[in-house]
Amino acid sequence: MSSGPAQRSIANGIRNPELMAAALALLEGRLHDAEPVLKAHLKRDPFDVAAIRMLAELAARIERYRDSEMLLRRALELAPGFLAARSNLATVLHRQGRSGEAVEELEKLQQVDPDNLVNANLKAAALGRVGEFDEALELYEQVLRTLSKQPKIWMSYGHMLKTVGRQADAVAAYRKALDLGPTLGEIWWSLANLKTLQFDAADIAAMQSALDRDGITTEDRFHLHFALGKAHEDRRQAEQAFAHYARGNALRKSLLEYEAGHTRAAVDQVKSLYTPDFFGARSGYGADASDPVFIIGMPRAGSTLIEQILSSHSMVEGTMELPDIPKLVTKARNMGGIAKLSADDARALGEQFLHDTQVQRKTAKPLYIDKLPNNWLHIGFIHLILPRAKIIDARRHPMDCCFSNFKQHFARGQAFSYSLSDMGHYYADYVDLLDHFDDVLPGRVHRIFHERLIDDLEGEVRALLNHLDLPFEQACLDFHANDRAVRTASSEQVRRPINRDGVGQWRAMEPWLQPLVDALGPVLTSYPARS
């Protein structure tokens, strides 16, 4: 076999003192130390695939997944047999929501490395994301027969059990994981994230003990803070709860790149693009399909509840938060810009959405849901490429919604949610853009206020089904009896009858929420405007 630069780097790169120092910095979470070393090294040796892979790992750590993907594809172009890079690529694809593509990469790996249980574990997670839950659970159980001492695999198995509604089994898997790794913060947060479980005094003591250790990672630390925040909030210890939430958010924010001004600029750009004249000149654009139902809005605004209600209908299938619309927006921009799309382009993009999301459809129901909340920024694009699709705005009181986000650690994305000020501005920008589309496309978006849904479930459900041109079905009111898999933080909450448990929770924390109030501005006092 040739011993060119790529192959020599795989064999010898890690013995390079610079790369060893960078690898140690990555391992210890010192990303700012690792980045300049790797970039300087790659300037001198751009073919060093070990260094390329490390830089890709760094990009993934700060959620620059597209950058990470490009670097990994470059490494594989130089060294197609670099199995570790292909495994990393599968991980990055999965984290971007492109789990079908991740499964394809993992199947390539299985052909040459069939006994690699780490890849099998990742494949199980990816299978879960495309709705193959039985196969995913079977694969987790297969992996655990050999790697029974791996706490993170027990945790991932717990996630899948939670998704399919086996809460008691999920709790048992998480507890098993904690027996093996009591200081792993993400496992404690996984228990907290069940929402319906309350920690006892021994749990709180164990979490505090883990937090007091010097050697735990920043990631463990912020997960523990979020979990302890939940524990103290359940005990009505508001000051302690908020202190933990604030510390967890600050640590998480320190690892992310987010500028509120960029969201504001994006909203202004969308408003200037999607005008009545824009749509008037594009009548007849887009794919002629009415299958998709988009649920948009803020995270933690009740979108999972709406999805659960709709997916209880005999004609509607729930899927997940699909990544396809943002991906197609990027593609359209790379085609010269959305304003330059032809009628054929818009139709092709709509048809690509229908084709690419087919992997998520497991039934013959005529309608299916995409509930990616952040698609609120892409309403105009959705209307352009799928003019017959339905759009539902899930809206919740700004204080309840934003505080619920502040105490939620998201596995990925939602970088705006780790600062009260950033979150208030984000909510205000979202309302501003929805107001714009209410003017430009009157009646296009059906709005559901969470509080009204709670107070008048049947009335709001009938109005929603009427908007979707669907007959009323009692099963929609009995949504909690639906045993479908639910892949969001609200999975256990929507398996209970309608309740007001989440209304007004922010009031206990009001003394510390002034930055949120200031950032929300008039949006707070005018809620529910445009009703």
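Me: Which residues are linked with Arg66 in a network of salt bridges?
Reply: In this predicted model, the network of salt bridges links Arg66, Glu69, Arg73, Arg98 and Glu101. To read such a feature, one looks for a side-chain nitrogen of Lys or Arg within 4 Å of a carboxyl oxygen of Asp or Glu. By this rule the count comes to 32 salt bridges.

Me: How many residues apart are Glu57 and Arg61, and in which helix do they lie?
Reply: Both belong to helix H4 (residues 49-61) and are four residues apart, about one turn of the helix. Glu57 is partly exposed at 28% relative accessibility, and Arg61 is partly exposed at 35%.

Me: Which residue forms a salt bridge with Arg264?
Reply: The partner is Asp268, with the closest N and O atoms 2.7 Å apart. Helix H16 (residues 260-273) holds both Arg264 and Asp268, four residues apart. In helix H25 (residues 457-467), Arg462 and Glu458 are separated by about one helical turn because they are four residues apart. Their side chains meet in a salt bridge of 2.9 Å, N to O.

Me: Is His244 buried or exposed?
Reply: Buried means under 20% relative accessible area. His244 has 11%, so this residue is buried. His244 is placed in helix H15 (residues 238-253), and its side chain joins that of His225 through a polar contact of 3.0 Å.

Me: Which residues gather in a patch of negative charge on the surface?
Reply: The patch consists of Asp134, Glu135, Glu138 and Glu141. Glu135 is found in helix H9 (residues 133-146) and counts as partly exposed at 40% relative accessibility.

Notes: Residues numbered from 1 in each chain as written. Predicted model: local features only at pLDDT ≥ 70, side-chain atom pairs only at ≥ 80, totals over all residues. Heavy atoms only, no water. Patch = residues over 30% accessible without salt bridge, like charges linked within 9 Å, V, L, I, M, F, W, Y side chains within 5 Å. Areas by Shrake-Rupley, 256 points an atom, 1.4 Å probe, with all protein chains shown as cover. Lys, Arg positive; Asp, Glu negative; His and termini not counted. Charge placed at Lys NZ, Arg CZ, Asp CG, Glu CD. Helix = DSSP H or I, 4+ residues; strand = E, 2+ residues; numbered from the N terminus. Buried < 20%, exposed > 50% of the residue type's maximum accessible area, 1.4 Å probe, protein only. Polar contact = N/O pair within 3.5 Å; in protein donor to acceptor, adjacent residues only side chain to side chain.
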